[in-house]
Amino acid sequence: MSAKWAYALAILISVTIVIFYVLDPTKTTSVVSFSLRYAVPLILAAMVGIMCERSGVINIGIEGQMLMSAFAGFFGAALTGSLLLGTMIGVGTGMIMGAMLATGAVTWKMDQIIAGTIINILAAGLTSFFYAQGFTLPGITPTLRIPVLADIPLIGPVFFDNGLFTYAAIVSALLLWVLLFKTVWGLRTRSVGEKPSASDTSGIGVQKMRFWNVTIAGGLAGLAGAYLALEAAGTFERGLTAGRGFTALAIMIFGAWNPIGALAAAIFFGLTQGVASQLQTDAVVDIPPQFVNMLPYILTIVLLAIVSGRIKPPAAVGRPYEKD
Amino acid sequence: MSTIDPAQTDLGITDPDPRRSGPLDRVPAIVIPVVSVLLAFAIGGILIWLQGVNPLFAYQVLFRDALGSVDGLERTMEKSTPLILTGLAVVVGLRAGLFNIGAQGQLLMGAIGAAWAGYNFTLPPLVHLPFCLIFGILCGAAWGSIAGALRAYRSVSEVITTIMLNSIAIALVDYLASRPLKEPDQPLSRTPLIAESAALPYIGPIPSGFILALVVAVFFGWLLVRTTQGFRFNTVGMNPGAARYAGISVKGTILLAMAVSGGLAGLGGAVETLGITGRFEPAFNIGLGFDGITIALLARANPLATIPAALLVGTLRAGSSSLQFQTGIEPEVVSVILALTLLFVSAPIVGKLLFRNRSIKQTTVTKGWGA
């Protein structure tokens, strides 16, 4: 989507939300809050995709990385009795999974999509096999209400009265934008993803850069998984991630591989889901629940069909780097 | 798709490079999958041992149950049938340079399509059964074509669309089986039983669907290797630029490949409905599409090799329930073994361990996001 259309759409949506807020403040606030919470794992997972693809590596294994981290985070928290330790175990697991993808896709120069698919299948198998019932979390994740800001109507309760994961997601998107576009690391990362041979000539270690970026990005996937298990669901179930890792890749594309764009796209996704489930609850229209569940996937396909060809991925994405 | 680097589109399934056709280079084609499977069994054995069960006993239970009796063999053939077909579906895609992760969704569409055609019509048996099979194929092909058309005409990566279409198919068949196609006066979400004239018969203990799957695999072994159409698929998969230069319609071939791939998965679903389950129930058939990916990569995209690969997976799946019953080991250990097999067969681990040979070809399918 060209930037002009994206801005127009963003303004249109904002105006609509304000109108609904005037009509029914409570319900509108709850729908928008729901949307942001729904968007949290999508934002984090989209950042994983952006970090990897900006470095030239396709990460189709985000789904599996999240699933393993959610599993490790949940059982870590349940067994240690600490949500903080659980989260750290989740992030660590994500980084291990990131290093796995990096080993396959970067070091061994495997087909990147096959390497990611293996991670997904392995994660589904391992988490199903080791899954056990009867564990509960030691508590609920704390929320943080930011004084003054949280008193702003609509924006306050939506953005400034949240669980810690929500802030982490928003901050990670803003931070990644700054890092990618305003720092030396970002310039190098982008060069490795666009023209690795030129980066190599100018003395940047292409393989090393890719390996570490993919590994660190795995930590963000771990955070997304920990959010799903420790805050969103409060438990671990088989297949907990429900395709969010793949939806995140589409969000990355709508956001044009830009963290801020992806942040907006993820919230847009959340809004469609929030509005659909509210319509269903209010019984305004009789939508079978299956169609509500389908919505994010259909939206992904339709938007991909619209934007494809207009947004260019990083030039070297998907190609293992071979020295000439 | 204007500038394609030939090195990027190497499927790793072509004849070996003549420059290195020593005896050792021809060995890995079969050795690597076999060693991968053994290695995966070894690690699976450690997992079983960690749960306090003797792994040799567990594997003995698993294989005796799947292969040691007529009943077991029958169940193994039943389990292998849709796997041969979904494996072939992924193979056809790989040949044309497409990674069809959507065999699962295409199979579900074929399964529910065949169920509807099976209970909704009263036809003579000789007409009804082929009609249901073809209808299932068409449902799967239509579902695959969505991803094919988006890839061919809008350059949208089939990897993402087929994954999304899987989720949509799961929700859609759930809706269909719980509302419009639901068996009336009955609490479960499922379609009515198919008519007797639509059922796939058993020939002695052998399910006729199994024979059908073998015939289809042999047919594709011939089609992909010996015919012009197979040549078109392979050329588009290996080098779309050269294909266009040779006058092959790249877009048309991509669309056709996804339709054929979806049709094969749809047939897998139809055979499952008409031969085994007799109706469609949403909980059936889950996971068959993903096993198809493992089978296709284990078979190194060779259509005939999908038969032994699917038999192996089918054997494990058939024996896993007995494993749980007799030893308490979760049947998901089979999923772990299969995932490890996939890892070893696709990653250059085994090649490095055995041959210290860096020149073993890697399976390369994709070219980034619709590049």
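What share of the contacts in chain B with a separation of 6 or more is accounted for by residues 24 or more positions apart? The share is 79%. The legends below describe close-up views of a predicted model.

**Figure 1. Overview of chain B, a chain with 15 helices and two strands.** Chain B comprises 371 residues, of which 56% count as buried. Among the contacts of chain B with a separation of 6 or more, 79% join residues 24 or more positions apart.

**Figure 2. Helix H7 of chain A and its buried face.** Helix H7 of chain A spans residues 164-182, 19 residues in total. From its first C-alpha to its last, H7(A) reaches 26 Å, close to the 27 Å expected at 1.5 Å a residue. The buried residues of H7(A) are A:Phe165, A:Thr166, A:Ala168, A:Ala169, A:Ser172, A:Ala173 and A:Leu176. Viewed down the axis of H7(A), these buried residues fall within an arc of 160 degrees, so they line one face of the helix. Their cover includes helix H2 (25-54), strand E2 (161-163), helix H10 (206-232) and helix H12 (259-281) of chain A. On the face of H7(A) turned away from the buried side are the exposed residues A:Val171, A:Leu174, A:Val178 and A:Lys182.

**Figure 3. Packing of helices H6 and H7 of chain B.** Helix H6 (residues 125-154) and helix H7 (residues 158-178) of chain B pack at an angle of about 150 degrees, and their axes are 9 Å apart. An angle over 145 degrees counts as roughly antiparallel, and H6(B) is therefore roughly antiparallel to H7(B). The crossing of the two helices is right-handed. H6(B) contributes B:Trp143, B:Ile146, B:Ala147, B:Leu150 and B:Arg151 to the contact, while H7(B) contributes B:Glu158, B:Thr161, B:Thr162, B:Leu165 and B:Ala169.

**Figure 4. The contact between chain A and chain B.** Chain B provides 44 residues and chain A provides 38 residues. On the side of chain B that touches chain A, H6, H7, helix H12 (288-298) and helix H14 (333-346) of chain B each supply at least two residues. H7(B) gives the most to this side, with eleven residues.

**Figure 5. Helix H14 of chain B, a mostly covered helix.** H14(B) has 14 residues, and 14 of its 14 residues are buried. The distance from the first C-alpha of H14(B) to the last is 20 Å, close to the 20 Å expected at 1.5 Å a residue.

**Figure 6. Packing of helices H12 and H13 of chain B.** The angle between H12(B) and helix H13 (residues 306-327) of chain B is about 135 degrees, with the axes 8 Å apart. H12(B) is therefore oblique to H13(B). The crossing in which H12(B) passes H13(B) is right-handed. From H12(B), the contact draws on B:Asp291, B:Thr294, B:Ile295, B:Ala296 and B:Leu298; from H13(B), B:Thr306, B:Ala309, B:Ala310 and B:Val313 take part.

**Figure 7. Positive phi values at A:Lys109 and A:Ala242.** Most residues other than glycine have a negative phi. A:Lys109, which is not a glycine, has a positive phi of about 55 degrees. A:Lys109 is placed in the loop between helix H4 (83-107) and helix H5 (112-130) of chain A. Because A:Lys109 has 17 C-beta neighbours inside 10 Å, this residue counts as partly exposed. A:Ala242 also has a positive phi, near 45 degrees, and is found in the loop between H10 and helix H11 (244-254) of chain A. A:Ala242 has 16 C-beta neighbours inside 10 Å and so counts as partly exposed.

Figure 8. With 12 other C-beta atoms within 10 Å, A:Arg238 is exposed. A:Arg238 and A:Ser128 are 110 residues apart along the chain, yet their C-alpha atoms are separated by 5.9 Å. Apart from neighbours within four places in sequence, A:Arg238 is in contact with A:Thr127, A:Ser128 and A:Tyr131.

Figure 9. A:Val32 counts as buried because 23 C-beta neighbours lie inside 10 Å. Beyond neighbours within four places in sequence, A:Val32 is in contact with A:Ile17, A:Val158 and A:Gly274. A:Val32 and A:Val148 are 116 residues apart in sequence and 20 Å apart in space, C-alpha to C-alpha.

Definitions and conventions
Residues are numbered from 1 along each chain as its sequence is written. Chains are lettered from A and ligands numbered from 1 in the order in which they are written. This is a predicted model: local features need pLDDT of at least 70, side-chain atom pairs count only at pLDDT 80 or more; totals for chains, interfaces and linings use all residues. Helices (H or I, at least four residues) and strands (E, at least two) are DSSP runs, numbered from the N terminus. A residue is buried if 20 or more other C-beta atoms lie within 10 Å of its own, exposed if 12 or fewer, and partly exposed in between; C-beta atoms are placed from the backbone. Two residues are in contact if their C-beta atoms, placed from the backbone, lie within 7 Å. The expected span of a helix is 1.5 Å times one less than its number of residues. The arc is that of the directions from the helix axis to the C-beta atoms. Axes are lines fitted to C-alpha atoms, for helices over the stretch in contact, and angles run from 0 to 180 degrees between N-to-C directions. Angles under 35 degrees count as roughly parallel, over 145 as roughly antiparallel, 65 to 115 as roughly perpendicular and the rest as oblique. A crossing is left-handed if the near helix is turned anticlockwise from the far one by less than a right angle, and right-handed if clockwise.
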